[in-house]
Amino acid sequence: MVSRTTADAKGDVVVLLIGMRINRFWAVHLWVPVMLAMLRMLRELAKDPERGLREKVLLTASPRTYYVVQYWESKEKLYAYATAPDAFHHEVWAKLNRKERAGKLHGEVGIWHEAYVVPEGSYEAIYADMPAFGLAGAHGQVPLAARGRYAKDRFAHRSARPAESAEKSA
C-alpha cells in the first residue's frame, strides 16, 4: 500500500534558494571557504531555531554548482537573520563587500540567491512513501486526503484563519 501525504503548510510559504558556482576549479583556496561559510551558517541556524529557518535541503546542480533550498518561518525572520549584526552571515557579507571594493574578486567563485514568498493557494505538495522532506519537513505532513486527492484541490485548500475559526464556533 502506497502512503501518500502532503505538506501541512498554512498561510504563505517563504523559500530561499542560495548557492555557489565554482567558476575555476583550480581556485580551491577561494571556493572552499565559501562552501565552509555556508555550512557554518546552517549550523548556526540549526542551533538557534528562533531565527526562523524551518528546514533545509542541500543539493547539487552540477559538479560546479551547489545550493541549499531553505524554508523560513517568515520573510521578516529571513531578513532579520540576513541583517543581524551578531550572525555569521553579517561577518561573511562584510568581508565579501570589502574584497569587492578592493578589487580582490576575480570571478573564481560565483554566489547567488533567490527568495520567494509563495501565497497560500499557490503551492501544493505530494509525497509517496516519503518521510517528511522539503516543504513537509518544514511544516509537517498530513495524509493526502486532508488536503484533497487532486492537485487542484490541494491548490484550493485554505487554512482556517483565527478570525474564521472564531466566527464558526460562535
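Between which two elements does the loop that holds aspartate 129 lie? The views below begin with that residue.

The model is predicted, so local features are described at pLDDT of at least 70 and side-chain atom pairs at pLDDT 80 or more, while totals for chains, interfaces and linings use all residues. Residues are numbered from 1 along each chain as its sequence is written, and side-chain values use heavy atoms, without hydrogens and water.

**View 1. Aspartate 129 in its loop.** The loop runs between β6 (127-128) and α4 (135-139). Helices (H or I, at least four residues) and strands (E, at least two) are DSSP runs, numbered from the N terminus. Most residues other than glycine have a negative phi. Aspartate 129, in contrast, has a positive phi, near 55 degrees.

**View 2. Helix α3 and the glycine after it.** With 14 residues at 1.5 Å a residue, α3 should span 20 Å, and this agrees with the 20 Å between its end C-alpha atoms. The expected span is 1.5 Å times one less than the number of residues. Glycine 103 follows α3 and has a positive phi, near 75 degrees.

**View 3. Glutamate 108, a buried charge without a salt bridge.** This residue sits in the loop between α3 (88-101) and β5 (109-118). Glutamate 108 is buried, where buried means under 20% relative accessible area, exposed over 50%, and partly exposed in between (1.4 Å probe, protein chains only). A salt bridge needs a side-chain nitrogen of Lys or Arg within 4 Å of a carboxyl oxygen of Asp or Glu. The nearest side chain of opposite charge, arginine 24, is 4.3 Å from glutamate 108; here Lys and Arg count as positive, Asp and Glu as negative, and His and the chain ends are not counted. A polar atom of the glutamate 108 side chain lies 3.4 Å from the backbone nitrogen of histidine 106. Leaving out residues up to four places away in sequence, glutamate 108 touches several others (heavy atoms within 4.5 Å), including Arg21, Trp26 and Leu30.

**View 4. Tryptophan 72 in the largest nonpolar core.** Such a core is a set of buried Ala, Val, Leu, Ile, Met, Phe, Trp, Tyr and Cys residues joined through side-chain atoms within 4.5 Å. The largest one has 16 residues, and Trp72 and Tyr81 have the most contacts inside it. Two or more residues each come from β2 (13-22), α1 (28-47), β4 (65-72) and α2 (75-83). The largest share, five residues, is from α1. Among the residues that tryptophan 72 touches are Val14, Leu45, Arg51 and Tyr81.

**View 5. Arginine 51 and its two aspartate partners.** Side chains of opposite charge can pair when their charged atoms come close. Arginine 51 is buried, at 16% relative accessible area. In its salt bridge with aspartate 48 the closest N and O atoms are 3.5 Å apart; in the one with aspartate 86 they are 2.9 Å apart. Aspartate 86 is in the loop between α2 and α3 and arginine 51 in the loop between α1 and β3 (53-60), so this pair ties together parts 35 residues apart in sequence. Aspartate 48 is partly exposed, at 30%, and aspartate 86 is exposed, at 57%.

**View 6. Aspartate 8 paired with arginine 147.** The closest N and O atoms of this salt bridge are 2.8 Å apart. Aspartate 8 lies in the loop between β1 (4-7) and β2, and arginine 147 in the loop between β7 (141-143) and α5 (151-156), so the pair ties together parts 139 residues apart in sequence. Asp8, Lys10 and Arg147 are linked in a network of salt bridges.

Definitions and conventions
A polar contact is a pair of N or O atoms within 3.5 Å; within protein, one must be able to donate a hydrogen and the other to accept it, and residues adjacent in sequence count only if both atoms are side-chain atoms.
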